[in-house]
Amino acid sequence: MSINKPFRLEFSNRVIEHLGIKLYQNKPTNVVAEFLSNSWDADASKVQIDLKGAGVDGYPCIIITDNGRGMTRDELTDEFLIIGRNRRLSPNDRTPGGRLPMGRKGIGKLAG
């Protein structure tokens, strides 16, 4: 045991399994709904969903595109990539476009 060993919180990949797969019950409709709510929160006015019988690797795939505002690198690293981040400071917080955000728990990104 080293006294100089730094404290570091780690997690097992099972955390992702429990929060992602089991929470969304591995149903494609739940996953698509989660990504659609992300489009809403990004103030998208258009969303396109393409269902492909065979993607690049030969497996079926779903491609969702929207015209939402996107994220800066800092928003991606400092906000989106933090699992469970509470992005609402008050119940009346709105997206930059004035919408009430759908996301609540900060774990929807694990649905996919």
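The side chain of Asp43 reaches the backbone nitrogen of Gly97 at 2.7 Å. That is a polar contact, meaning a pair of N or O atoms within 3.5 Å; within protein, one must be able to donate a hydrogen and the other to accept it, and residues adjacent in sequence count only if both atoms are side-chain atoms. The model is predicted: local features need pLDDT of at least 70, side-chain atom pairs count only at pLDDT 80 or more, and totals for chains, interfaces and linings use all residues. Residues are numbered from 1 along each chain as its sequence is written, and side-chain values use heavy atoms, with hydrogens and water left out.

**Confidence**

Mean pLDDT (the predictor's confidence in each residue, from 0 to 100) is 81 for the protein. Of its residues, 80% reach 70 or more. Helix 1 (residues 13-24) has the lowest confidence, at a mean of 66. Strand 1 (residues 47-52) has the highest, at 94. Helices (H or I, at least four residues) and strands (E, at least two) are DSSP runs, numbered from the N terminus.

**Asp43**

Asp43 lies in the loop between helix 2 (28-41) and strand 1. Its phi is near 60 degrees, a positive value in a residue other than glycine. Most residues other than glycine have a negative phi. Contact means heavy atoms within 4.5 Å. Not counting residues up to four places away in sequence, Asp43 touches Gly68, Arg69, Thr95, Pro96, Gly97, Gly98 and Arg99.

**Salt bridges**

A salt bridge is a side-chain nitrogen of Lys or Arg within 4 Å of a carboxyl oxygen of Asp or Glu. By this rule the count is two.

| Salt bridge | N to O distance |
|---|---|
| Asp43 and Arg99 | 4.0 Å |
| Glu75 and Arg69 | 3.1 Å |

The pair Asp43 and Arg99 links distant parts of the chain, 56 residues apart. Asp43 is in the loop between helix 2 and strand 1, while Arg99 is in the segment after helix 3 (73-80). Arg69, at 46% relative accessibility, counts as partly exposed. Buried means under 20% relative accessible area, exposed over 50%, and partly exposed in between (1.4 Å probe, protein chains only).

**Thr95**

Thr95 also sits in the segment after helix 3. It counts as buried because its relative accessibility is 6%. The side chains of Thr95 and Asp43 make a polar contact at 2.5 Å. Leaving aside neighbours within four places in sequence, Thr95 is in contact with Asp41, Asp43, Arg87 and Pro101. Thr95 and Ala42 are 53 residues apart in sequence, yet 7.3 Å apart in space, C-alpha to C-alpha.

**Arg99**

The charged end of Arg99 sits over the ring of Trp40, 4.0 Å from its centre. The criterion is NZ of Lys or CZ of Arg within 6 Å of the ring centre and within 35 degrees of the ring normal. A polar atom of the Arg99 side chain also lies 3.0 Å from the backbone oxygen of Trp40. The Arg99 side chain reaches the backbone oxygen of Ala44 too, at 2.8 Å. Beyond four places in sequence, Arg99 touches Ser39, Trp40, Asp43, Ala44, Ser45, Asp93 and Arg94.
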